[in-house]
Amino acid sequence: MLGALNSAPAHAHLVQTGFGAFYDGLAHVALTPADLLVVIALALLAGQRGTQAARWALFAFPAAWLAGGALGAWIPAEATLPLLTTLTFGIAGALVATDVKLRATVVGVFAIVAGLLHGYVNGATMAPGGAGALALAGAVTAVFCLLAIVSSQVTTLRAAWTRIAVRVAGSWIAAAGVLMLGWLARA
Amino acid sequence: MIRAGRFLLALVALLATLAPAPLPAHELQPGFLELREVGPGRFEVLWKQPLVGGARMQIAPIFPESCRQVGEVRTERVEIAWLSTTRIECAQGLAEKTIAIDGLDAYSTDVLVRVQHADGAVETLVAKPVQPAVTLRGANDAQRGLWAYLYLGIEHILLGLDHLLFVLGLLLIVRDRWTLVKTVTAFTVAHSITLAVATFGVAQVASAPLNAAIALSILFLGPEIVRTWRGQTSFTIRHPWVVAFVFGLLHGFGFASGLAALGLPQGEIPLALLLFNVGVEIGQLAFVLLVILLERSFRILQIHWPQIVERLPGYAVGTLGAFWTIQRVAILLRAVV
């Protein structure tokens, strides 16, 4: 199990937009599948559970991401922990798909754990690539904006088919997680 | 009120300490390297080095090893750059060859590389600080590089913090959707007019007073935002599109600094101008859309910010406007005296 957690060596990488470190950090989240999927899945989950849960997630997740990112930049990991990052977005997707009636505080706790983990990996992979605080700020800004926009829109959905559409989106994310886990196990 | 005044004063002082050099809002004067094929493997070279703080930017092109210089290097100072011309001969041509810009990684600007092949086909590429080398494809794959102007336009608005802050200031005083549409459209039309005027060389504005005036336009919005907080009204609040149009004319000259400085061939200007302007609009609309969506999201999620946080964007507009005005007027005065 521990071997699986550390199965992928950390490669310093930072998306280079040419627009500076802030936009590089922003693009890093958008172009890293595990990061993008966890933000979308959490936004769907928080929106599904109502405005209070969305508010919890909106402040807990980026704050945890920032803390994790700072920690990752300070003490870089030897590995990118793909199993854990895949599990977080897979679980979030599954929770959306099954429409489990979670309390707002539980969504908040999940947001903190996922934010710390993904932020840590984010910081650990970006820092050796030459990214500084500005890149981390860009990444956290991207997370905050995406989470705010998607989760708020989901809270406004009333029609049954739109709620089903959200669950379908969650199931796709969960499926992506399962496929990724299978690929990791094979590797 | 006194506490807020002290806070603002402290913030201005802090910014002045943190950023003694001019902020890079208008320092985006790209370099320009033009190669015109005048015979098989023979190129006329035009190299434009922008000025940074009045000094020549320390960047230089590095040609492939198969190239050698065959003409004298002639250098002259023009208004905002140093121009060098020479000739090179490349035994194997320039197709699939890499040209690097030495020293570019030390600056926050780009170099536009334009190669005109013997058959008239043109390649346009951008060398960036993070990727200071470009690889040419040759005449058969030319014209692909025109998108470089679109990239330059997007870059200019996304890194032009003063332009974005002005747009933010306008968004903060706009009351309804129809006024928003009118205001954004007025700003777009106005800066497109002066961007075209400056790029075609019909009119030019010296960069120092222009930058000071742009800073003043941002500072101008500060008190207007405060009036909206107090429920007061003014001509600007009733007709923000008029202000957006008038100041948009100024900002257009600012946008032109990213394009007019290149000294493009006349024939290429219309398309370059169009793509550059489209790039600026893409960046601007993305910013406006983001602000609107975030505002709507906070409303839906019933987030009640503390008053200081709610007013922070307004304070940022006024404070940075004041800071830039002082800074740029000081630069202007230094240049005059």
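## A salt bridge within chain A

D99(A) and R49(A) form a salt bridge, with their closest N and O atoms 3.1 Å apart; the term stands for a side-chain nitrogen of Lys or Arg within 4 Å of a carboxyl oxygen of Asp or Glu. This pair links distant parts of the chain, 50 residues apart, since D99(A) lies in the loop between α5 (82-98) and α6 (104-126) of chain A, and R49(A) in the loop between α3 (33-48) and α4 (51-74) of chain A. Helices (H or I, at least four residues) and strands (E, at least two) are DSSP runs, numbered from the N terminus. Over all chains, a search of the whole structure finds 10 salt bridges.

## Basis of the model

This is a predicted model, in which local features need pLDDT of at least 70 and side-chain atom pairs count only at pLDDT 80 or more, while totals for chains, interfaces and linings use all residues. Residues are numbered from 1 along each chain as its sequence is written, chains are lettered from A and ligands numbered from 1 in the order in which they are written, and side-chain values use heavy atoms, with hydrogens and water left out.

## Where chain B meets chain A

The contact, defined by heavy atoms within 4.5 Å, takes 19 residues from chain B and 19 residues from chain A. In chain B, the residues that lose the most area to chain A are V130(B), I300(B) and L301(B), which together make up 32% of what that side buries. The area buried between the two chains is about 1,600 Å², with carbon and sulfur atoms giving 73% of it; buried area is the accessible area (1.4 Å probe) that two parts lose on being put together, summed over both.

Across this interface of chain B and chain A the rule finds zero salt bridges, but it does find five residue pairs in polar contact, both residues being at pLDDT 80 or more. A polar contact is a pair of N or O atoms within 3.5 Å, where within protein one must be able to donate a hydrogen and the other to accept it, and residues adjacent in sequence count only if both atoms are side-chain atoms. On the side of chain B that touches chain A, α2 (147-159) and α8 (269-300) of chain B each supply at least two residues, and the largest share, seven residues, comes from α8(B).

## Strand pairing in chain B

Three strands of chain B form an open sheet with antiparallel pairing, in the order β4-β8-β11, where two strands pair if DSSP finds at least two bridges between them. Because β4 (60-62) and β11 (133-135) of chain B stand at the edges, each with a single partner strand, one side of each is left without a neighbour in the sheet. β4(B) pairs with strand β8 (residues 98-102) of chain B in the antiparallel sense over three bridges, and I62(B) stands opposite A100(B) in β8(B).

Strand β7 (residues 81-90) of chain B pairs in the antiparallel sense with strand β2 (residues 42-52) of chain B over nine bridges, and here R42(B) stands opposite E89(B). Strand β5 (residues 67-69) of chain B also runs antiparallel to β7(B), joined by three bridges, and R68(B) has E89(B) as its bridge partner. Four bridges join strand β6 (residues 74-77) of chain B to β7(B), again antiparallel, with L83(B) in β7(B) as the bridge partner of E76(B).
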